[in-house]
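These are my notebook entries on one model, written with the sequence and the coordinates open beside me.

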Amino acid sequence: MDKLDALETDWSVKATAKRRNQFYAASQSKFVPFEEPMVFKRGSMQYLWDADGNRFIDLLGMNVCVSVGHAHPKVVSAAMAQAQELTHCTTMFYHPTPAHLAEELAATLPAGTEWVTHFTNSGAEAIDLAMAMARTYTGNLDLLALRTGYHGPTAAAQSITGIAGWRHPGMPGNVAFVAEPNQYRGIFGEGTQPYLDEIDRTIATSTTGNIAGIVVESVQGYGGIIEMPPGYMSGAAERVRAAGGLYIADEVQSGFGRTGDHMWGFEADGVVPDIIVMAKGIGNGFPLGAVVARKHIAAPMAERFLFHTYGANPTSCAAGRAVLQVIKEEKTQENARVTGAALLAKLKDLQTRHAAIGDVRGRGLMLAIEFVKDRDSKAPDRETTSAVFEKCREQGLILSKSGPYQSCLRMVPPMCLSLEDVEKVAEGLDAALSAARSS
Ligand SMILES: Cc1ncc(COP(=O)(O)O)c(C=O)c1O
């Protein structure tokens with residue numbers, strides 16, 4: 001710690017804001033949540049402390065990265081031990097830690113398939129690779145993606161992202177979008193079949209008819225926690241495979257037990273994907289992503305080199321191994337199921353008392369409330385979302401504004417959230433909603 005202190009970090013909010021404004025590029029400084037800046041200094045499990053020592057419940061899990069808890073002692077000590085021994089070992093040399101992690105990840109996936117892993121530095125890199133893998137394996141270019149899906153900041157990942165605010169000009173093509181099966185405000189209303197019919201129509205009209213695949217978040221995250229209705233993932237896989245394509249599950253937000261009932265979101269529908277993309281929670285905050293694919297599907301990629309400098313970095317992979325161990329030992333998935341159900345019930349109760357809440361949804365610890373101007377028109381209410389969000393800060397709650405209209409508050413906390421926390425979250429939200437209404 002002495003050495004770090006010697007770096008003379010100025011922790012004041014004012015100085016940090018000034019430095020950011022002066023030295024960050026616009027592209028990095030735009031994405032700030034609150035009207036007034038905030039500096040976090042410390043985290044422990046589901047809690048965060050700002051530079052003044054105020055405690056917050058982190059319902060955002062630092063953007064779903066903190067899966068098993070901030071600074072979880074087992075994860076930190078596994079990563080520290082590896083960092084002190086050999087911080088980095090470039091992928092072309094052999095190292096046992098990533099190899100163990102690849103084996104341990106495969107063991108979490110549906111049996112009867114030979115699963116192989118390619119480690120990346122981030123989710124977007126993993127998405128890029130999954131897209132390249134599908135195109136290489138099938139020999140087809142066209143991909144399907146869902147509206148209101150988010151897949152990352154790289155050019156390829158942006159090209160399949162269906163939220164305008166995250167798309168920059170000049171991204172690559174060969175992508176056709178299908179309507180997301182949003183059961184609250186989807187264009188075909190409730191149900192699964194109309195959204196599957198839309199996949200058929202899109203393949204027939206907006207592609208060459210031969211496709212490389214479809215990329216589906218098993219539960220859409222930034223889109224505002226949009227669950228895939230029963231039969232959608234399996235139905236989509238069936239249709240896409242019939243057109244020569246692969247089913248690619250993006251589990252960057254919904255994986256690692258977050259949905260409570262399953263380790264992987266796609267398991268809710270019994271579909272076995274061809275390619276699975278993971279990141280965020282895999283490293284509990286250490287940068288790591290992974291593409292896990294059926295062995296024969298990954299095989300043709302060997303014709304050319306593909307090298308991520310920090311992919312398979314042993315320090316991040318040591319953290320990844322510890323995460324899997326903690327999920328098992330501390331029954332994290334079960335906790336997500338139980339506390340998630342309790343929080344969902346509390347949110348539904350709030351909906352009965354606050355007319356601004358149009359919808360409450362999600363499963364496990366992937367939940368959202370959506371604000372509307374009135375319940376009949378379902379017009380998204382960005383202003384109320386923002387006002388409640390700001391008031392939540394005063395209540396010691398950190399969440400995220402999400403959805404294509406920024407009208408949802410998304411809750412994806414570290415999966416160690418307790419039932420006691422759930423009470424505090426419900427009380428805090430209640431107070432924030434009342435304060436926002438009277439302000
Ligand atoms: C569902 C989903 N896929 C992919 C990504 C991209 O991951 P990363 O930010 O690590 O590049 C994200 C990031 O938020 C995500 O939410």
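**Entry 1. Helices across the sheet**

Which strands does helix H14 (residues 382-394) lie across, and at about what angle does it run to S17? I found H14 lying across S14, S16 and S17, at about 45° to S17. I note at the start that this is a predicted model. I then looked up H13, which lies across S13, S14 and S17 and runs at about 170° to S13.

**Entry 2. The sheet itself**

I traced the strand order as S13-S14-S17-S16, an open sheet of four strands with antiparallel pairing. S13 and strand S16 (400-402) are the edge strands; each has a single partner strand, so one side of each is left without a neighbour in the sheet. From one strand to the next, the twist averages 25°. As background, I recall that strands of a sheet pair through backbone hydrogen bonds, either parallel or antiparallel.

I next went through the pairs. S13 and S14 are joined by six bridges in the antiparallel sense. Their hairpin has two residues between the strands, and glycine 364 takes a positive phi there, near 60°. S14 is also antiparallel to S17, with four bridges between them.

Which residue of S14 is the bridge partner of aspartate 359? I found glutamate 370 in that position. Glutamate 370 also stands opposite cysteine 408 in S17. Leucine 367, for its part, has methionine 411 of S17 as its bridge partner.

**Entry 3. Cover on S14**

I checked burial along S14 and found six of its six residues buried. Met366, Ala368 and Glu370 lie on one side, Leu367, Ile369 and Phe371 on the other, and both faces are covered.

**Entry 4. Helix H13**

Does the length of H13 agree or disagree with what its residue count predicts? The 22 residues of H13 (residues 332-353) should span 32 Å at 1.5 Å a residue, and the end C-alpha atoms are 31 Å apart, so the two agree. I listed its buried residues, among them Thr332, Gln333, Asn335, Arg337, Leu343, Leu344 and Leu347. Their cover includes strand S13 (357-363), strand S14 (366-371) and strand S17 (408-411) from the sheet, together with helices H12 (314-329) and H15 (419-438).

**Entry 5. Helix H12**

I turned to H12, which has 16 residues and reaches 22 Å from its first C-alpha to its last, close to the 22 Å expected. H12 is mostly covered, with 12 of its 16 residues buried. The buried set includes Pro314, Cys317, Arg321, Val323, Val326 and Ile327. What do the buried residues of H12 pack against? I found H5, helix H6 (96-108), strand S4 (115-120) and H13. After H12 comes lysine 331, with a positive phi near 50°.

**Entry 6. Glutamate 85**

I located glutamate 85 in helix H5 (residues 73-86). Is glutamate 85 buried or exposed? It has 12 C-beta neighbours inside 10 Å and therefore counts as exposed; the cut-off for exposed is 12 or fewer. Proline 314 is one of the buried residues of H12.

**Entry 7. Phenylalanine 56**

I found phenylalanine 56 in strand S3 (residues 55-58). With 21 C-beta neighbours inside 10 Å, phenylalanine 56 counts as buried, because the cut-off for buried is 20 or more. Leaving aside neighbours within four places in sequence, its contacts are Tyr47, Leu48, Gly396, Leu397 and Ile398. I also noted glycine 43, 13 residues away along the chain, with 9.3 Å between the C-alpha atoms of glycine 43 and phenylalanine 56.

**Entry 8. The ligand shell**

How many residues surround the ligand? I recorded 15, the closest being Ser122, Gly123, Ala124, Gly152 and Val252. By class, the shell holds six nonpolar, seven polar and two charged residues. Helix H7 (residues 123-138) gives the most to this shell, with three residues.

Technical notes: Residues are numbered from 1 along each chain as its sequence is written. This is a predicted model: local features need pLDDT of at least 70, side-chain atom pairs count only at pLDDT 80 or more; totals for chains, interfaces and linings use all residues. A residue is near a molecule or strand if its C-beta atom, placed from the backbone, lies within 6 Å of it. Ala, Val, Leu, Ile, Met, Phe, Trp, Tyr, Cys and Pro count as nonpolar, Asp, Glu, Lys and Arg as charged, and the others, Gly among them, as polar. The expected span of a helix is 1.5 Å times one less than its number of residues. Two residues are in contact if their C-beta atoms, placed from the backbone, lie within 7 Å. Two strands pair if DSSP finds at least two bridges between them. Axes are lines fitted to C-alpha atoms, for helices over the stretch in contact, and angles run from 0 to 180 degrees between N-to-C directions.
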